Amino acid sequence: TEEYIFPNQIEDAMGIVDKFYKRKYRVISIQKKTKVGADGLMIEIAKLLTTHIDDEFVLDPANVRIITGMSNAGWEKDMIDKAPNCFKRNIFHHGKLQRADIMNIKNGIIIIDEIDTGDKEYQVLHNTLKDAGVLDVEHMNTHNNRFVFISATMIKELYDLYCWGDLHELCKMTIPT
């Protein structure tokens, strides 16, 4: 995957993982400009979390999900083509979210690309996350799960994070690239 991951993405991913590790964040929102390489960033975050030196913190690659609410089989294929083998079976777009087995993830990370597509009530992404119960702060803590939300246009989503009970205590990182 070296050809897909650039130095700025590695640096950003290291900063994100550091916030999860040192500050115990559960949710980090990332607002990136379009076409600046979110694919490589997502892969690098997953790689760093699954190869972390701290045995108490490191994640099993089986507990990584990279998903999107976009109905875009091309996005899914591109991500699978770029990802290391250990993550390929854990990448899902809108049409396959029911196969993501999000409800049973423990000690994991759920990375959601283009969070602004499908996060509205009754949309597939929203329903998938809600039905799995994973967005509840207590669930995040007891199951030791983390989230990364990525979008170029997530004004509403950032507002919702801060209005979402205790969640505002657990998150926020915007990468201005």
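1. Ile-105 counts as buried, at 1% relative accessibility; buried means under 20% relative accessible area, exposed over 50%, and partly exposed in between, with a 1.4 Å probe and protein chains only. The residue belongs to the loop between β3 and β4. Excluding residues up to four places away in sequence, Ile-105 touches Asn-63, Arg-65, Ile-110, His-143 and Asn-145, where contact means heavy atoms within 4.5 Å. Ala-62 lies 43 residues from Ile-105 in sequence, and their C-alpha atoms are 8.7 Å apart.

2. The model is predicted: local features need pLDDT of at least 70, side-chain atom pairs count only at pLDDT 80 or more, and totals for chains, interfaces and linings use all residues. Residues are numbered from 1 along each chain as its sequence is written, and side-chain values use heavy atoms, with hydrogens and water left out.

3. The chain contains seven helices and five strands. These are DSSP runs numbered from the N terminus, with helices (H or I) of at least four residues and strands (E) of at least two. From the N terminus on, the order of elements is α-β-α-β-α-α-β-β-α-α-β-α. Of the 177 residues, 49% count as buried. Among contacts with a separation of 6 or more, 76% are between residues 24 or more positions apart.

4. The five strands make an open, parallel sheet in the order β1-β5-β4-β2-β3; two strands pair if DSSP finds at least two bridges between them. At the edges are β1 (27-31) and β3 (91-92), each of which pairs on one side only. Strands of a sheet pair through backbone hydrogen bonds, either parallel or antiparallel. Five bridges join β2 (residues 64-68) to β4 (residues 109-113) in the parallel sense. Arg-65 stands opposite Ile-110 in β4, and both residues are among the contacts of Ile-105.

5. Helix α1 (residues 7-22) lies across β1, β4 and β5 (146-151), and runs at about 160 degrees to β1. Helix α2 (residues 38-50) packs on the sheet and touches β1, β2, β4 and β5, its direction making about 175 degrees with that of β4. The axes are lines fitted to C-alpha atoms, for helices over the stretch in contact, and angles run from 0 to 180 degrees between N-to-C directions.

6. The whole structure holds five salt bridges, each defined as a side-chain nitrogen of Lys or Arg within 4 Å of a carboxyl oxygen of Asp or Glu. Side chains of opposite charge can pair when their charged atoms come close. One of the bridges joins Lys-82 and Asp-39 at 2.6 Å, N to O. This pair links distant parts of the chain, with Lys-82 in helix α3 (residues 73-82) and Asp-39 in helix α2, 43 residues apart. Lys-82 is buried at 19% relative accessibility, and Asp-39 is buried with a relative accessible area of 19%.

7. Other salt bridges lie within single helices. In helix α2, Lys-47 and Glu-44 are three residues apart, about one turn of the helix, and their side chains meet at 3.1 Å, N to O. Lys-47 is partly exposed at 34%, whereas Glu-44 is buried at 3%. In helix α3, Asp-81 and Lys-77 are four residues apart and so separated by about one helical turn; their closest N and O atoms are 2.7 Å apart. Asp-81 is partly exposed at 43%, and Lys-77 is exposed at 52%.
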